[in-house]
Amino acid sequence: MSSLSIILQIAKDILETMPGKTAHVNDLAETAFKTNRAMGETQEIFAGKLSSALSANLKTKQPTFAKVISKKD
């Protein structure tokens, strides 16, 4: 059984189908929304909740996700 929250599990499932397994949070939210996995939220609200969940995950001792540095950072 996974210890990930539902929203993080959705992100993980989506990332596993993407080339390179990297995506911007807005792209993850768009895919979740288009595939009816946005937990009944709008795409924008889901993106905000996902961003918060990913940020919290990055602060744990053993994060499941990693922040990819963009050219803007």
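**Helix packing and local geometry**

Modeller: In this predicted model, helix 1 and helix 2 (residues 25-34) pack with their axes 10 Å apart, at an angle of about 95°.

Colleague: How are helix 1 and helix 2 oriented to each other, roughly parallel or roughly perpendicular?

Modeller: The angle between helix 1 and helix 2 is about 95°, and angles from 65 to 115 degrees count as roughly perpendicular. Helix 1 and helix 2 are therefore roughly perpendicular.

Colleague: Which residues of helix 2 does helix 1 meet, and how many residues of that contact are nonpolar?

Modeller: From helix 1, the residues I10, A11, I14 and L15 take part, and they meet L28, T31 and A32 in helix 2. Sorted by class, the contact of helix 1 with helix 2 has no charged residues and one polar residue, and the nonpolar residues number six.

Colleague: Which residues form the contact of helix 1 with helix 3, and how many of them are charged?

Modeller: On the side of helix 1 the residues are I7, L8, I10 and A11, and in helix 3 they meet F46, K49, L50, A53, L54 and N57. By class, this contact of helix 1 with helix 3 has eight nonpolar residues and one polar residue, and the number of charged residues is one.

Colleague: Is L8 buried or exposed, and which residues does L8 touch beyond four places in sequence?

Modeller: L8 lies in helix 1, and because its relative accessibility is 7%, L8 counts as buried. L8 and N57 are 49 residues apart in sequence, with 8.7 Å between their C-alpha atoms. Leaving out residues up to four places away in sequence, L8 touches L50, A53, L54, N57 and F65.

Colleague: Where is K21 found, and what is its phi?

Modeller: Most residues other than glycine have a negative phi. K21 is exposed, with a relative accessible area of 53%, and is found in the loop between helix 1 and helix 2. Although K21 is not a glycine, its phi is positive, at about 50°.

Colleague: Where does M39 lie, and is M39 buried or partly exposed?

Modeller: M39 also has a positive phi, near 55°, in a residue other than glycine, and it lies in the loop between helix 2 and helix 3. Because its relative accessibility is 45%, M39 counts as partly exposed.

Colleague: Which pattern does the chain follow along the sequence?

Modeller: The secondary structure of the chain comes to three helices and zero strands. Read along the sequence, the pattern is α-α-α.

Colleague: What percentage of the residues in the chain is buried?

Modeller: The accessible surface of the chain comes to about 5400 Å², of which carbon and sulfur atoms account for 55%. Of the 73 residues in the chain, the buried ones make up 27%.

Note on methods:
Residues are numbered from 1 along each chain as its sequence is written. This is a predicted model: local features need pLDDT of at least 70, side-chain atom pairs count only at pLDDT 80 or more; totals for chains, interfaces and linings use all residues. Side-chain values use heavy atoms; hydrogens and water are left out. Contact means heavy atoms within 4.5 Å. Helices (H or I, at least four residues) and strands (E, at least two) are DSSP runs, numbered from the N terminus. Ala, Val, Leu, Ile, Met, Phe, Trp, Tyr, Cys and Pro count as nonpolar, Asp, Glu, Lys and Arg as charged, and the others, Gly among them, as polar. Buried means under 20% relative accessible area, exposed over 50%, partly exposed in between (1.4 Å probe, protein chains only). Accessible areas come from the Shrake-Rupley method with a 1.4 Å probe; for residues, only the protein chains shown count as cover. Axes are lines fitted to C-alpha atoms, for helices over the stretch in contact, and angles run from 0 to 180 degrees between N-to-C directions. Angles under 35 degrees count as roughly parallel, over 145 as roughly antiparallel, 65 to 115 as roughly perpendicular and the rest as oblique.
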